[in-house]
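Open the model in your viewer and switch to a cartoon view.

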Amino acid sequence: MATQWTVPKQIWKHPNPSHSRPEQFRRFVNHKHGLNLKDYHELHNYSISDWTFWKDLWDYLGIISSVPPTKVIIEAPLIESPEFFPGSRLNYAENILIRNDDSVSCTVARESGHFSQYTSREIREKVRRMANAMRANGLKVGDRVAAVVTNSIDAIVIAMAAASIGAIYSSTATDMGAQGVLDRYKQIKPKFVFAETEVIYAGKLVDLTPKISHVVEELKHHGVDHVILLPSTVTGKDLKIKSDFKTLTLAQFLSTGKDVPLVFEQLPFNHPLIILYSSGTSGPPKCIVHSAGGILMQTKKDVALGLDMWWGDTYFQYTSCAWMMWNAMLGGLAVGGRLILYDGSPFHPDIKQFLKFVSDQKVTHFGTSPRFVGEIQGRGIKPLELGSFEALRMFFVTGAVVTPPVYEWAASVLPPTTHVMSATGGTDICSTFVGACTSMPAYAGEFQVKVLGMKTEVYDYDGKVIDDTGRKGELVCSRAHPSIPLGFWGDVGRKKFFDAYFARFPGVWTHGDFIAINPTTKGLLIFGRSDGVLNPSGIRFGSAEIYAVIDKYTAIIEDTICIGQRRPQDKDERVLLFVKMRDSKILTEALKADIRESIKQALSARHVPAYIFQVEEIPLTVNNKKIEIAVKQIVSGATMKPSGTVANPESLQLYYKYFELEKLLAAEKEKTKAKL
């Protein structure tokens with residue numbers, strides 16, 4: 001059944017599209033090959049039909065290498081992670097640290113209001129000292145370096161120093177529980193561990209030493225040789241942990257290095273660079289190994305051609321070091337931009353102060369989550385009353401489905417020159433499949449384009465391409481690209497890798513998003529995760545369609561989660577909507593009726609949830625993503641053991657009672673009678 005399409009509201013258009021980077025790149029390709037590609041869509045078709053595109057991109061982005069490529073790809077099935085640019089030699093850190101001057105490359109800010117500036121020359125010097133200390137203590141190519149760190153200059157220095165040597169870097173955020181850290185690092189067996197000892201979040205001092213002590217005590221049996229403790233982010237003082245394992249302060253560790261120049265080891269394009277992790281909300285996370293060349297090319301492409309960043313722009317991605325967006329934002333340094341590294345809560349001491357900081361810092365590209373935008377909207381804040389935001393060209397919202405009302409609201413409260421956009425791809429590829437294009441108009445609720453080089457398609461359940469039909473289906477990628485992961489760490493035989501991406505449609509990457517293409521605008525809409533698609537009475541739709549309607553209630557509803565319930569005794573699936581109210585408000589029967597009517601009018605009667613319940617908490621990951629699948633499984637009868645990636649694991653307990661739905665409804669009915 002096709003979606004009933006209308007032309008959505010246009011929310012942005014480039015005043016001079018020919019000045020955009022996608023158009024510049026199109027002209028570059030045309031000139032280089034004597035082609036006549038007329039627009040972005042023709043450029044995209046070229047990018048997924050001729051392997052030469054990737055060499056064009058290499059040249060356009062100015063990839064630094066000691067041995068340039070002579071061949072683009074050794075073709076192989078996608079499951080085998082085809083090798084790009086065989087024989088070439090480069091170093092990821094050398095390409096990221098492209099600047100070496102006295103311009104500011106990183107501004108580090110904390111919620112206290114204190115911030116410091118670092119020039120590109122100063123950052124290179126810090127990386128030199130760190131890398132020399134790592135070498136002096138035995139770090140070699142292929143060793144793992146793990147970190148539990150804040151989004152700070154130290155995180156960038158540690159990551160770049162490890163990459164300069166050819167070690168494999170992996171990081172988690174300081175708010176992740178000890179078990180979450182161990183679930184990751186016990187698998188990859190790091191040789192070096194760097195850890196924060198004291199941080200501040202939302203105005204509260206957080207002593208991390210008990211957690212780090214526990215982590216170290218476990219990891220000393222899993223290959224760790226060196227533990228380096230970072231000074232308190234609050235006082236700058238060195239703190240100790242309770243462990244018989246010898247630890248070093250950062251200053252002590254740095255003092256062990258020789259005073260020699262920074263060396264960038266020249267390594268193959270597909271040399272492993274980082275390990276990222278699947279959500280792992282109900283089990284051990286999968287350790288996703290990404291290549292240096294793949295991450296370099298894809299993130300630099302996304303920043304340059306997707307975000308339209310230029311030399312000297314300022315990029316502020318609100319993120320922790322546990323999210324792939326931290327790795328993705330490093331592409332901003334590779335195009336000569338300045339990064340804002342923010343540590344702390346955007347709501348403390350006040351969200352208005354945070355927004356004013358964005359404006360005052362002349363941020364050109366700001367990235368955040370739908371939940372953050374919802375909070376601004378729900379509190380009735382008008383950003384332009386806090387600052388001019390005159391430099392802000394790009395406002396991108398990602399990490400979860402962004403509904404049309406969110407697009408429209410953001411566009412209405414920011415300068416008309418600001419491009420509001422979103423993208424999807426994520427941890428699995430540390431890149432994007434669909435996203436923005438500044439040479440094209442932007443429409444509310446839609447990803448503008450398929451990203452260059454990515455053969456993104458929509459498949460029906462028989463594996464047929466349905467791009468032009470307007471019907472919903474699976475987001476797949478049917479052609480190789482450089483950031484297909486090298487595999488999962490420890491996955492001998494690649495069975496887990498196959499099951500994760502290739503079991504649904506053999507030979508084709510299945511990403512797990514439920515998507516459709518607007519036949520008129522060619523924009524793409526995601527309706528939720530395909531494994532969480534709602535299916536009452538055979539009518540398939542995504543939770544995002546419900547969330548889009550609920551957005552009108554932002555002033556009184558803080559958050560919602562919409563899932564399907566099908567217990568062993570149920571003949572059909574029913575839809576349940578759980579609502580968390582703002583400021584201790586009550587979900588009244590009148591409000592429930594209004595929500596049902598709104599969904600019916602906006603979608604159809606078949607989209608209306610069978611039941612709507614008020615809950616105290618919505619389960620979220622540490623990256624603020626709703627945990628729909630776990631809730632769906634719980635209310636359908638499964639027992640879940642939450643992993644360390646669940647930010648509020650106790651919230652899952654709230655949903656077990658809904659398995660006995662009839663008993664719950666009967667109790668509510670009796671309670672209503674008693675009141676009467």
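**Stop 1: two crossing helices**

Select helix α1 (residues 21-33) and helix α2 (residues 40-47): their axes come within 10 Å and cross at roughly 60 degrees. α1 and α2 are therefore oblique to each other. The crossing of α1 past α2 is left-handed. Now show side chains. From α1, Pro 22, Phe 25, Arg 26, Val 29 and His 33 make the contact. From α2, Tyr 40, Leu 43 and Tyr 46 take part. By type, this contact of α1 with α2 has 6 nonpolar residues, 1 polar and 1 charged. Keep in mind that this is a predicted model.

**Stop 2: an open sheet**

Next, colour the strands β6-β5-β18-β17-β19-β20-β21, in that order: these 7 strands form an open sheet with mixed pairing. Which strands lie at the edges? They are β6 (115-119) and β21 (419-421), and each pairs on one side only. From one strand to the next, the twist averages 15 degrees.

Zoom in on β5 (residues 104-110) and β18 (residues 338-343). They run parallel, joined by 5 bridges. Pick Thr 107 and find its bridge partner in β18, Ile 340.

α5 lies across β5 and β6, at about 85 degrees to β6.

**Stop 3: a strand covered on both faces**

Move to strand β26 (residues 456-459). In a regular strand, side chains alternate between the two faces of the sheet. Here Thr 456 and Val 458 are on one side, Glu 457 and Tyr 459 on the other. Are these four buried or exposed? All are buried, and both faces of β26 are covered.

Last, select strand β27 (residues 473-477). β26 and β27 run antiparallel, with 4 bridges between them. Opposite Val 458 stands Leu 475 of β27.

Key
Residues are numbered from 1 along each chain as its sequence is written. This is a predicted model: local features need pLDDT of at least 70, side-chain atom pairs count only at pLDDT 80 or more; totals for chains, interfaces and linings use all residues. Side-chain values use heavy atoms; hydrogens and water are left out. Axes are lines fitted to C-alpha atoms, for helices over the stretch in contact, and angles run from 0 to 180 degrees between N-to-C directions. Angles under 35 degrees count as roughly parallel, over 145 as roughly antiparallel, 65 to 115 as roughly perpendicular and the rest as oblique. A crossing is left-handed if the near helix is turned anticlockwise from the far one by less than a right angle, and right-handed if clockwise. Contact means heavy atoms within 4.5 Å. Ala, Val, Leu, Ile, Met, Phe, Trp, Tyr, Cys and Pro count as nonpolar, Asp, Glu, Lys and Arg as charged, and the others, Gly among them, as polar. Buried means under 20% relative accessible area, exposed over 50%, partly exposed in between (1.4 Å probe, protein chains only). Two strands pair if DSSP finds at least two bridges between them.
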